Amino acid sequence: MRKDFGKFMSQLKETNQTLDFFCDFEKISQNVEDIKLSLCMLNSLIGASDLRKSVETIWKRDKSAFSVLDILIAVRTRDNKKILDAAGNCVPLESLFHSVDSVMTFLTDTGLGAVLQNQSVKNLVDYVFGIETGLDTNARKNRSGHLMEKTVADIFTHAGIPFRQEVYSSEWPAITEVLGDDEKRFDFVVETASKVYLIEVNFYSSGGSKLNEVARSYSDIAPKINSVDGFEFVWITDGIGWKSAKNKLQEAYGIIPSVYNLMSIHEFMDSQINSATNDTSIL
């Protein structure tokens with residue numbers, strides 16, 4: 001089948017986002033549930049006339065409750081966040097949760113203490129649910145890639161094409177030999193009686209230097225893989241982000257025989273996989 005780069009570019013989709021892309025509420029709910037008991041204890045700080053006395057009461061009962069204070073300012077101490085203290089020293093944020101004095105410093109200097117005393121927040125469990133929802137937007141970049149993988153997996157499944165995901169090149173000595181020491185993980189592998197297809201998928205809704213790097217990388221490994229009898233490299237990519245890296249994509253398109261988008265993926269299934277399985281079933 002004759003390749004048409006112009007047609008390929010015209011088919012690129014603006015987005016691959018579905019409604020479940022925006023928030024992972026299952027993860028959000030679990031994150032809140034994990035610290036719910038501590039948040040319930042800290043609820044006693046809301047409306048406190050004597051904030052220090054309330055802090056001391058909680059401290060005597062369970063000082064570990066203050067370990068969740070970071071999330072109340074939309075920060076995770078597991079990210080090793082550091083701040084400058086009053087003396088100008090760079091200290092871990094979590095070091096402020098180790099004494100009543102330092103907790104008071106945290107509450108006062110962040111302004112959180114006033115928020116709690118003024119009852120601007122009514123319930124810390126609900127408040128943290130909102131914070132977790134906001135922080136979850138940072139995970140959207142990773143979800144975009146996973147969403148493309150899910151889309152391709154659904155297409156293969158609907159077409160009745162068996163596949164494996166996240167398969168390492170070390171499984172095939174011949175591939176390891178041509179790729180060298182760097183182990184490569186392929187998003188999908190489809191095996192037929194006559195050929196093994198090693199597949200990479202991605203989606204780019206916006207541009208950036210990474211697109212050029214990806215196109216350059218695949219242009220390098222595709223000829224190596226295709227030189228091994230019985231193997232073929234397949235690249236399924238989409239997204240209007242490629243319009244900003246059109247030249248590099250066109251170069252890769254000319255080097256890699258099997259480049260498809262979500263509109264043309266059926267051509268891969270029809271001309272490659274199905275033709276390879278007319279007489280024998282997919283392994």
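Predicted model: local features only at pLDDT ≥ 70, side-chain atom pairs only at ≥ 80, totals over all residues.

At what angle do helix α4 and helix α5 pack, and how far apart are their axes?

Reply: Helix α4 covers residues 51–62 and helix α5 covers residues 100–110. The two pack at an angle of about 130°, and their axes are 10 Å apart. Angles over 145 degrees would count as roughly antiparallel and 65 to 115 as roughly perpendicular, so α4 and α5 are oblique to each other. Their crossing is right-handed.

Now for the residues that touch. On the α4 side, the contact is made by L51, R52, V55, E56 and W59. On the α5 side, V100, D101, V103, M104 and L107 take part. Sorted by kind, the residues of this contact comprise seven nonpolar and three charged, with no polar ones.

Helix α2 (residues 25–34) packs with helix α7 (residues 124–136) at an angle of about 135°, and here the axes are 9 Å apart. By the angle rule, α2 and α7 are therefore oblique to each other. The crossing of α2 and α7 is right-handed. From α2, the contact draws on F25, K27, I28, S29, N31 and V32, while α7 supplies V125, V128, F129, E132, T133 and D136. This contact of α2 with α7 divides into six nonpolar, three polar and three charged residues.

Where do these pairs sit in the whole? The protein chain has twelve helices and seven strands. Its radius of gyration is 27 Å, well over the 19 Å that the globule rule gives for 283 residues, so the chain is more spread out than a compact globule. The C-alpha trace spans about 80 × 40 × 35 Å along its principal axes.

The strands deserve a look too. Five of them form an open sheet with mixed pairing, in the order β3-β4-β5-β6-β7. Because β3 (164–168) and β7 (259–260) stand at the edges with a single partner strand each, one side of each is left without a neighbour in the sheet. Further in, β4 (residues 185–191) and β5 (residues 196–203) pair in the antiparallel sense over four bridges. For F188, the bridge partner in β5 is I199. Finally, helix α10 (residues 209–226) lies across β4, β5 and β6 (231–238), and α10 runs at about 155° to β6.

Technical notes: Residues numbered from 1 in each chain as written. Heavy atoms only, no water. Axes fitted to C-alpha atoms, helices over the stretch in contact; angles between N-to-C directions. Parallel < 35°, antiparallel > 145°, perpendicular 65-115°, else oblique. Left-handed = near helix turned anticlockwise from the far one by under 90°. Contact = heavy atoms within 4.5 Å. Nonpolar A, V, L, I, M, F, W, Y, C, P; charged D, E, K, R; others polar. Pairing = 2+ DSSP bridges. Rg over C-alpha atoms; globule rule 2.2 N^0.38 Å.
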